[in-house]
Amino acid sequence: MSEIAEKVKAIIIDKLGVEASEVTPEASFTNDLGADSLDTVELIMEFEKEFNVSIPDDQAENIGTVGQAISYLEEHAK
Amino acid sequence: MSLRRVVVTGLGAITPVGKTAPAYWEGLIAGRSGAAPITRFDAAKFKTRFACEVKDYNPDDYFERKEGRKMDIFTQFALIAANEAIEDARLNDEGIDKDRVGVIWGSGIGGLTSLQAECIAFAHGDGTPRFNPFFIPKMIADSASGNISIRHKFRGPNFVTTSACASSSDSIISAFNYIRLNMADVMVTGGSEAAITESGVGGFNALKAMSERNDAPEQASRPYDKERDGFVLGEGAASLILEEYEHAKARGAKIYAELIGGGMSADAYHITAPDPEGNGVVLVMQNALRDAGIKPEDVDYINTHGTSTPLGDGAEVKAIQKVFGEHAYDLNISSTKSMTGHLLGAAGAIEAVACIMAMQHSLVPPTINHFTDDPELDPKLNFTFNKAQEREVNIAMSNTFGFGGHNTSVIFRKVSE
């Protein structure tokens, strides 16, 4: 697993209070990991801070699963 | 329409002298001070470097991490105290109509810790706003009552009262009125505060309101002592379950006491200084006595506002003598803030619990830290100095006054079955 994927997983485990085994690439933040709309906003902000990127709102809407977050950040992280 | 009777059927508390209602009471009758050097932040440069913190507080002892971090500490305290009271009153039993259970909470300040943290983070950034989405819901004072209702699915009236240090006496009276007027059958009420932060301590220091007795924190809160030099900041929460009398009887609830009256008034004098003549304080006690339908002579115990400030303590005592006349000498008077410190918006709630416990145990909690008589105060008054006193307490009054000139008094009566 890439270093980015490791960090993304760690952030999700920390913010959503879930077990590492639940954080699979297909897992949806809202449907599988118990996030509400505010949790999702917070996750995106943490990704922005950790990876020093700015994620526009229209792109943030497409980040709904662990895998989508990892591939977005692998593409855009500086 | 006749007003319905309201009784207390549950108690909860998390305070600097005990982290449950029974532990809080034990702390009070033992005369234990909750004051100690501040641990929450580095107070080295502050004029006041001590406070009455809730000891060894760890939110993980009470909340799952995910839940706890979405609440400011003042809301955590609110839930801890409310949960204890709700369990004590068995409000989650089957048969309770949760549409008829409401929550009216009190907080003078709200989520100061969260406000401060977010502003500091912004100031340290490059001007890009990166405010946390939980910041506003954590900070706003009504998140306390909102979170209690969400946890227990209470769908009745729900809001928070804010009147500085009178906040939770006002929440108690509001809850009382909603039941009296048949707008709810049961109300979770109380108050919480958590302002032991840089901005809280620094702000109150700037007002010259707090004790600076850094060499002896445990002796700093000394209401009615000649050498008193200001209040000691406290934190925590207390909760009372108020319930319509027949509703409580029908389900066999434990009845601690009856809430028989409440009074409110304003000083209309100064934003922080008390009226030295105590006119607003006279009025609030008269209003409460009239609402309760009792005479001054019926009162046994007054848990005073008594914050240990030079001006405020004297004005309140003067007002008590005006309202109670000769009977003032027969009263037990005490300020439990000598032990807990001043919990600001939670003061009314924790002191209401103290009044009810005094009735239950026929024991008046003391005003500790009395060393030197204040020649300005009538020596024939019984301030319950230094040691708890045995006394049958049938009727107790709790006074709270807040910056802004808000005055509130509530009166409880023992219920004999």
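Reader: Leaving aside neighbours within four places in sequence, which residues is B:V364 in contact with?

Author: This is a predicted model, in which local features need pLDDT of at least 70, side-chain atom pairs count only at pLDDT 80 or more, and totals for chains, interfaces and linings use all residues. Residues are numbered from 1 along each chain as its sequence is written, chains are lettered from A and ligands numbered from 1 in the order written, and side-chain values use heavy atoms, with hydrogens and water left out. Contact means heavy atoms within 4.5 Å. Beyond its neighbours within four places, B:V364 touches B:Y301, B:N332, B:S334, B:T384, B:A388, B:Q389, B:R391 and B:V393.

Reader: Is B:V364 buried or exposed?

Author: B:V364 sits in strand β11 (residues 363-364) of chain B. Strands (E, at least two residues) and helices (H or I, at least four) are DSSP runs, numbered from the N terminus. Buried means under 20% relative accessible area, exposed over 50%, partly exposed in between (1.4 Å probe, protein chains only). Because its relative accessibility is 0%, B:V364 counts as buried.

Reader: What distance separates the C-alpha atoms of B:V364 and B:V393?

Author: Along the chain, the two are 29 residues apart. They are also in contact. Their C-alpha separation is 8.0 Å.

Reader: How much area do chain A and chain B bury between them?

Author: Here 12 residues of chain A contact 10 of chain B. Buried area is the accessible area (1.4 Å probe) that two parts lose on being put together, summed over both. Carbon and sulfur atoms carry 48% of it, and the total is about 940 Å².

Reader: Which element gives the largest share of the side of chain A that touches chain B?

Author: Two elements of chain A give two or more residues each: α1 (3-16) and α2 (37-51). The largest share is six residues, from α2(A).

Reader: What do the buried residues of helix α4 of chain A pack against?

Author: In α4 (residues 66-76), A:V66, A:A69, A:I70, A:Y72 and A:L73 are buried. They lie on the same side of α4(A), because they cover an arc of only 165° around the axis (taken from the directions from the helix axis to the C-beta atoms). They pack against α1, α2 and α3 (57-60) of chain A.
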